[in-house]
Structure formats: structure tokens, C-alpha cells
Amino acid sequence: MIYKAALFDLDGVIFDTEPLYSQFWENQGRQFKPDVPDFHHRIKGMTLVQIYDQYFPGQPALQQRITAALDDFEAHMRFDYIPGVHDFLLQLRQKGIKTAVVTSSNHSKMAQVYQQHPDFKSLFDAVLTSEDFTRSKPAPDCFLLGAKTLGVTPAECVGFEDSVNGMRSVKAAGIYLVGVATTNPREVVAQYADELIDDFTHGVKVMQ
């Protein structure tokens, strides 16, 4: 099978930010949802709106408080690339393989990304954020939209994900899954992935 496109999650796949977010949401869960075990794991892959709808409905003041804390957190965080991913993206561009970001992050956060990495947009044909779809991961909508935006079928795509919700989303879309073991243990990722990598330093077999 010759794949024509690659769809990438952002946190934990392109940027090494998942440990930072886990710490942030673990703190929020401890403060505001102590009755929900592993809160920071449960919300991975969800948009902020979906987190509020499911866990903080009818609490606008608390939602605003969390949003303000998150905005401040993201304004000061570093977006460091996962080892090897930048070179890998350049190689895909040279091969003529279309690329897109498919993330639950919003426009505000992406502005921080673009500020730290001015060349980021040039690495991709499209950047899809939480504002572009209604149902988030593990629903397949975002990855199906990614394929449609690039003008290819799901079967012609490779999806890159690290979270369980994200991997479920890729598989539900009927897309070949490369699981990146940056957030979850290898044995967890292996349950979902068609191919498993620790990072991008040794390339990706299916794209060679």
C-alpha cells in the first residue's frame, strides 16, 4: 500500500508536552474533581468545551477560572519537538506526501506554537483544531475530516497518535495507526497500533 497522507496529533506526537499537561490537569482534578480517579487520563484527547460539558456543566465561573489558568499555563510553556519529528516531517514534504495536524487544541494555543516555531505552518498542508469539528476523540470525526481536507481516502492515510482516545479515533476512522509511546507504556500502545515507535529518530517503516 502506498500512502498519500500523514495525519498527526499534536501533544505527545509532535511536541513533548504531554507530561506538562498531565501535571496541569492532575492539579485541576485534585482541586475540582477529587471524586474522579485519574481525571487527567480521562480527559486526554477531549476539547476544552467537552471537558466542561462532561465534568463541569452549569459552572461558568469555575470554567472561566480553569480557562484562565490554562491560558496562563500555555502562554509560558515550551513546545519542544519530539526527537526526530521535525526531520521526518521535512522528509515527507520532500516525498510529496500530504501532511496535516489533527488536534483537540484551540486557536489560542496554536498561536503560541506559531510564535515559538515560525516555520510550523510550512510543515503541513492543513492544521485542524477543536474549532473545526464537533465530536472529539475517540470519535473518528477529526481524522475523517483530516483525510477529506487533504483530498484522500482514510485508507490512503497514516495516523500518528499517543493517547488511548486518539488511537481509538484513528482506528475508528479506518486509518493505519502508528502509535507513539511517549505518553503510554509500549504494551498499552501495542494493543492499538499497527506500528509502534518510541520517537521518530529511526524513521517509520510504513512510510519508507
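This is a predicted model: local features need pLDDT of at least 70, side-chain atom pairs count only at pLDDT 80 or more; totals for chains, interfaces and linings use all residues.

Let me begin with Y114, which is partly exposed, with a relative accessible area of 24%; here buried means under 20% relative accessible area, exposed over 50%, and partly exposed in between, with a 1.4 Å probe and protein chains only. Residues are numbered from 1 along each chain as its sequence is written, and side-chain values use heavy atoms, with hydrogens and water left out.

Over the ring of Y114 sits the charged end of K121, 4.5 Å from the ring centre; the rule here asks for NZ of Lys or CZ of Arg within 6 Å of the ring centre and within 35 degrees of the ring normal. By that rule, the charged end of K33 likewise sits over the ring of F56, at 5.7 Å from its centre.

Now to the aromatic pairs. Rings of Phe, Tyr and Trp, the last by its six-membered ring, pair if their centres lie within 6.5 Å, and planes under 30 degrees apart count as stacked, over 60 as edge-to-face and the rest as tilted. The count by this rule comes to 20 aromatic pairs. Why is the pair of F15 and F120 called stacked? The ring centres of F15 and F120 are 5.6 Å apart and their planes stand at 25°, so the pair falls into the stacked class. Because F15 lies in the loop between strand 1 and helix 1, and F120 in the loop between helix 6 (107-116) and strand 3, the pair ties together parts that are 105 residues apart in sequence. Helices (H or I, at least four residues) and strands (E, at least two) are DSSP runs, numbered from the N terminus.

F120 is buried, with a relative accessible area of 0%, and forms a tilted aromatic pair with Y114, at 6.1 Å centre to centre and 45° between the planes. F15 is also buried, with a relative accessible area of 0%; leaving aside neighbours within four places in sequence, F15 has contacts, meaning heavy atoms within 4.5 Å, that include L10, F79, Y81 and H117. F15, F120 and Y114 belong to one aromatic cluster, together with F8, F79, Y81, F88, F124, F160 and F200.

Strand 1 (residues 5-8) pairs in the parallel sense with strand 2 (residues 98-102) over 4 bridges, and another parallel partner, strand 4, is joined to strand 1 by 4 bridges. In strand 2, K98 is the bridge partner of A5 and V101 that of F8, whereas A6 has its bridge partner, V158, in strand 4. Both faces of strand 1 are covered, with A5 and L7 buried on one side and A6 and F8 buried on the other.

I will close with the backbone: a cis peptide bond joins K137 and P138, with omega at about 20°, and P138 lies in the loop between strand 3 and helix 7 (141-150).

Methods:
Two strands pair if DSSP finds at least two bridges between them.
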